[in-house]
Amino acid sequence: MAERITAIEALKHFENSLALEPEKARAEVPAVSRFVDFLGAERQMAAVSAADVSRYVKEQLDGTPEHLEPLRSFLAYASRL
């Protein structure tokens, strides 16, 4: 990540990137919001580890594959900020 950005800032950027795809936004933003809530809104994205993501998936998603795609999309997007 080029700049220091919080989880909530990354979520806002991600949501704005989906402005032209409202259906995708409706499907993905709530899922990503739950992840940001789990992390803490002010958490620096650079500090998010694979262990954090793994713990979230195990505790919150119960490993459900269809819920992983929004998270993957968000993390990939946030890594480019």
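**Briefing: a buried glutamate, salt bridges and a helix contact**

In this predicted model, Glu28 lies within helix α2, which spans residues 22-39. Glu28 is buried but takes part in no salt bridge. Across the whole structure, 3 salt bridges are found.

**Surroundings of Glu28**

- The nearest side chain of opposite charge to Glu28 is that of Lys24, 4.3 Å away; a salt bridge requires a nitrogen-to-oxygen distance within 4 Å.
- Apart from neighbours within four places in sequence, Glu28 is in contact with Phe14, Leu18, Pro70 and Ser73.

**Salt bridges**

- Arg43, Asp52 and Arg55 are linked in a network of salt bridges.
- Asp52 is buried, at 10% relative accessibility, whereas Arg43 is partly exposed at 25% and Arg55 is partly exposed at 41%.
- Arg55 and Asp52 are 3 residues apart in helix α3 (residues 50-61), and are therefore separated by about one helical turn.
- Glu69 and Arg72 form a salt bridge of 3.3 Å, N to O; both residues lie in helix α4, 3 residues apart.

**Contact of α1 with α4**

- The axes of helix α1 (residues 7-17) and helix α4 (residues 68-79) come within 10 Å and cross at roughly 105°, so the two helices are roughly perpendicular to each other.
- Helix α1 contributes Ala7, Ala10, Leu11, His13, Phe14 and Ser17 to the contact, and helix α4 contributes Pro70, Ser73, Phe74, Tyr77 and Ala78.
- Of the residues in this contact, 8 are nonpolar, 3 are polar and none is charged.

Methods
Residues numbered from 1 in each chain as written. Predicted model: local features only at pLDDT ≥ 70, side-chain atom pairs only at ≥ 80, totals over all residues. Heavy atoms only, no water. Axes fitted to C-alpha atoms, helices over the stretch in contact; angles between N-to-C directions. Helix = DSSP H or I, 4+ residues; strand = E, 2+ residues; numbered from the N terminus. Parallel < 35°, antiparallel > 145°, perpendicular 65-115°, else oblique. Contact = heavy atoms within 4.5 Å. Nonpolar A, V, L, I, M, F, W, Y, C, P; charged D, E, K, R; others polar. Buried < 20%, exposed > 50% of the residue type's maximum accessible area, 1.4 Å probe, protein only. Lys, Arg positive; Asp, Glu negative; His and termini not counted.
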